[in-house]
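Good morning, and thank you for coming. I would ask you to keep the sequence and the structure in view while I speak.

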Amino acid sequence: MKVSGNWFIERIAIFVFVFSAFLPISAKAVDCGDIVTLAEVLDQSLSCTTNPAVTVVGPGSLDLNGFTVSCNGSGVGIRLEGTAANLTGGALQDGVITNCGAGMVVLGDFHNIVGVNVMDNQSLGILFPANNSNLIQSVIINNAGVGVVVTGINNNVSYNEVGQNEFEGIRLEDIASGSVVVNNHVYSSLNSGIVIESSNNLIAQNFVEDNGPGDAGIYMPALGQSGNRILGNQAENNLAFDLQDLNSAPCLNTWIGNVFDTSDGVCVDP
């Protein structure tokens, strides 16, 4: 059998090509205005004038890697997008978003945000129209407006520090049903700490202190809400009331096991 003189070189070239297909591809550097659709790691801080500064589209993810994304005082810092058909959503972790209009806008479904510091933004901290998503172990402080505005359904806001925001700490707007708000430290908002405008939410084991002089530490306006469970929270030193439910009887929400000094409303169970 005759063998071409190039046989060995050809076979080596094929081997290298096939083997290289299984090696990780080094991620390009993420820059202002980028749309992230794969797993990316930030390799430097970004100061952006683009709006949004960076977009993450599920199943893409962005590890901020301890770096900072900042804006020029307007626009959106990080925008997360996804669809209901995409069960993995997007992910963001481990860094700082600052000096934007809104620090984050979270759209779509099934996102995970972990360990992100959203601070000193000029309009609000995080706008959360997303569904079935998680915001955990993050810090949302010193933002103008509301720290976290939840307008989607079935979201989890837990184990966060939400403090010194200029309006409210966490607001569940009237369409934000099915939210779980657990084990957050919510403090020193200039209005209420946690506002419950919608139905069928769980607000449990939060530490809510030093909010006001607005409505209350945990505040439920009279919107006919039902099915909310406000359980085992500690509310203290809030300037108006620690707990307040302005709905009249019959009481359709459950307030049980909370520790507080002051309350308002016939439906708040001492």
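A disulfide, as the term is used here, is a pair of cysteine sulfur atoms within 2.5 Å. In general terms, a disulfide is a covalent bond between the sulfur atoms of two cysteines. Please bear in mind throughout that we are looking at a predicted model.

Let me begin with the chain as a whole. It has 270 residues, and buried residues make up 47% of them. One helix and 28 strands are found in the chain. Its accessible surface comes to about 12,200 Å², and carbon and sulfur atoms account for 57% of that surface. Among the contacts with a separation of 6 or more, 43% join residues 24 or more positions apart.

I turn now to the disulfides. How many disulfides does the structure hold? There are three. With the bonded cysteines counted along the chain, the disulfides follow the pattern 1-2, 3-4, 5-6.

In the pair Cys32 and Cys48, the sulfur atoms are 2.0 Å apart. This link is left-handed, with -80 degrees about the S-S bond. The pair links distant parts of the chain, 16 residues apart: Cys32 lies in the loop between helix 1 and strand 1, and Cys48 in the loop between strand 3 and strand 4. Is Cys48 buried or exposed? Its relative accessible area is 2%, so Cys48 is buried. Cys32, with a relative accessible area of 23%, is partly exposed.

Next come Cys71 and Cys100, whose sulfur atoms are 2.0 Å apart in their disulfide. Here the angle about the S-S bond is 70 degrees, and the link is right-handed. This pair also links distant parts of the chain, 29 residues apart, with Cys71 in the loop between strand 6 and strand 7 and Cys100 in the loop between strand 8 and strand 9. Both Cys71 and Cys100 are buried.

The remaining disulfide is formed by Cys251 and Cys267, with sulfur atoms 2.1 Å apart. At -85 degrees about the S-S bond, this link is left-handed. Distant parts of the chain are again linked, 16 residues apart: Cys251 is in the loop between strand 26 and strand 27, while Cys267 is in the segment after strand 28. Cys251 is partly exposed, with a relative accessible area of 37%. Cys267 has 8% relative accessibility and therefore counts as buried, since the cut-off for buried is under 20%.

Strands of a sheet pair through backbone hydrogen bonds, either parallel or antiparallel. In this model, 11 strands form an open sheet with parallel pairing, in the order 1-4-7-9-11-14-17-20-23-26-28. Strand 1 and strand 28 are the edge strands, as each pairs on one side only.

Within this sheet, strand 4 and strand 7 pair in the parallel sense over four bridges. The bridge partner of Val57 in strand 7 is Glu81.

Which strands pair with strand 11? Strand 9 pairs with it in the parallel sense over three bridges, and strand 14 likewise pairs with it in the parallel sense over three bridges. Ile126 takes part in both pairings: it is the bridge partner of Met104, and it stands opposite Val148 in strand 14.

In soluble globular proteins, nonpolar side chains tend to be buried together. The largest nonpolar core of this model has 48 residues, and those with the most contacts inside it are Ile78, Leu92, Met104, Ile170 and Ile194. Strand 10 supplies the largest share of this core, with three residues. As for Ile78, its contacts beyond its neighbours within four places in sequence include Val54, Val56, Leu62, Leu92 and Met104.

Finally, I would point to Pro59, in the loop between strand 4 and strand 5. Pro59 has a relative accessible area of 55% and is therefore exposed. Pro59 and Gly82 are 23 residues apart in sequence, and their C-alpha atoms are 7.6 Å apart in space.

Thank you for your attention.

Terms used: Residues are numbered from 1 along each chain as its sequence is written. This is a predicted model: local features need pLDDT of at least 70, side-chain atom pairs count only at pLDDT 80 or more; totals for chains, interfaces and linings use all residues. Side-chain values use heavy atoms; hydrogens and water are left out. Two strands pair if DSSP finds at least two bridges between them. Helices (H or I, at least four residues) and strands (E, at least two) are DSSP runs, numbered from the N terminus. Buried means under 20% relative accessible area, exposed over 50%, partly exposed in between (1.4 Å probe, protein chains only). A nonpolar core is a set of buried Ala, Val, Leu, Ile, Met, Phe, Trp, Tyr and Cys residues joined through side-chain atoms within 4.5 Å. Contact means heavy atoms within 4.5 Å. Accessible areas come from the Shrake-Rupley method with a 1.4 Å probe; for residues, only the protein chains shown count as cover.
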